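Open your viewer and keep the sequence panel beside it.

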Amino acid sequence: VGTGVITTGGVGGSITDSANKTTVTITTNEAIVNWTPSGTPTDGVIDFLPVGNTLEFRGGLGGYTVLKRVVSGTGASISETIALSGTAQSLRTAAGVPDAQGGNIWFYNAGGILINSSAAINVGSLVLTTNDIDTTGGLAPGGTIRFRGAPNSNATVTVANNAFIGADNGVAGGSYVALVAPRVVQNGIVNVNGSAAYVAAEVADITINAANGLFDINVTTGANGGNVITHGGVTTGPEQTGALAHRVYMVA
């Protein structure tokens, strides 16, 4: 998988490795993890999470957000695409309380992200982006995630055929999935207990309104043109039963 360092929110946190499993434990509401991938690229792709391997995040029952930045050893962006082919999951844990799915997990890699057909992601909420995230004042001050991509990039977030993404933090309608990049390809299965957004842009602000489950999406620099969003898969979720909205946004 590579080597990770908790750079923000790391007090009491840890990253541990066991057989085919890496566990990231945080004790704060927000954390940033810089991760340097290992392995040699094949056709420009690094198999960041191979088949049979598990990447697990653990945090408190109150909810948490982890930004996982895939970067070089110096903290600079990398040009290769990273592939997730195994299992990624996030859990809300506490002493004496059974583990529950939850936690907001954000993946950033400037060179591209590929969720392979063998992958299964089960988290509270999920962001996949090739645009760096402005973390000044926090990960999402006022509920706004600030995506700041490189000019003229064609980097792609791809969810391959049969890949599975599940987002459910246990609150009806309170989860989200956001794929934000100059190119977005969604050919897999996305099941979110809330709203999903596929946004093709270099620079954008997305505000998640926790009160109603809706997004405000402000694109200030768009994509280069061409087929910037491809949706050949399934985006779905449980029936809306409460006050929180379930929506699918496609913005280019």
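A residue is called buried when its relative accessible area is under 20%, exposed when it is over 50%, and partly exposed in between (1.4 Å probe, protein chains only). This is a predicted model: local features need pLDDT of at least 70, side-chain atom pairs count only at pLDDT 80 or more, and totals for chains, interfaces and linings use all residues. Residues are numbered from 1 along each chain as its sequence is written, and side-chain values use heavy atoms, with hydrogens and water left out.

**Stop 1: Thr65**

Select Thr65. Its place is in strand β7 (residues 65–70). Strands (E, at least two residues) and helices (H or I, at least four) are DSSP runs, numbered from the N terminus. Is Thr65 buried or exposed? Thr65 is buried, because its relative accessible area is 11%.

Now show its surroundings. Contact means heavy atoms within 4.5 Å. Not counting residues up to four places away in sequence, Thr65 touches Ile26, Asn29, Glu30, Ala31, Asn104, Trp106 and Leu139. Look at the side chains of Thr65 and Asn104: a polar contact of 3.1 Å joins them. A polar contact is a pair of N or O atoms within 3.5 Å; within protein, one must be able to donate a hydrogen and the other to accept it, and residues adjacent in sequence count only if both atoms are side-chain atoms.

**Stop 2: the largest pocket**

Which strands each supply at least two lining residues? They are β11 (104–108), β19 (175–181), β22 (194–209) and β23 (214–222).

**Stop 3: strand β16**

Select residues 144–148. Four of the five residues of this strand, β16, are buried, so the rest of the structure largely encloses it. Two strands pair if DSSP finds at least two bridges between them. β16 pairs with β15 in the antiparallel sense over two bridges; here Asp132 has Arg148 as its bridge partner. β16 also runs antiparallel to β22, joined by five bridges. Find Phe147, which stands opposite Ala204 in β22.

**Stop 4: strand β20**

Select residues 183–186. In a regular strand the side chains alternate between the two faces of the sheet. In β20, Arg183 and Val185 point one way, Val184 and Gln186 the other, and all are buried. β17 and β20 pair in the parallel sense over four bridges, with Val184 as the partner of Val157. β20 also pairs with β24 (residues 229–231), in the parallel sense over three bridges. There, Val184 has Ile229 as its bridge partner.

**Stop 5: two loops**

Select Thr130, in the loop between β14 (125–129) and β15 (132–133). Thr130 is buried, at 5% relative accessible area.

Finish at Asn162, in the loop between β17 (156–159) and β18 (164–167). Asn162 is exposed, at 52%. Its phi is positive, near 80 degrees, in a residue other than glycine.
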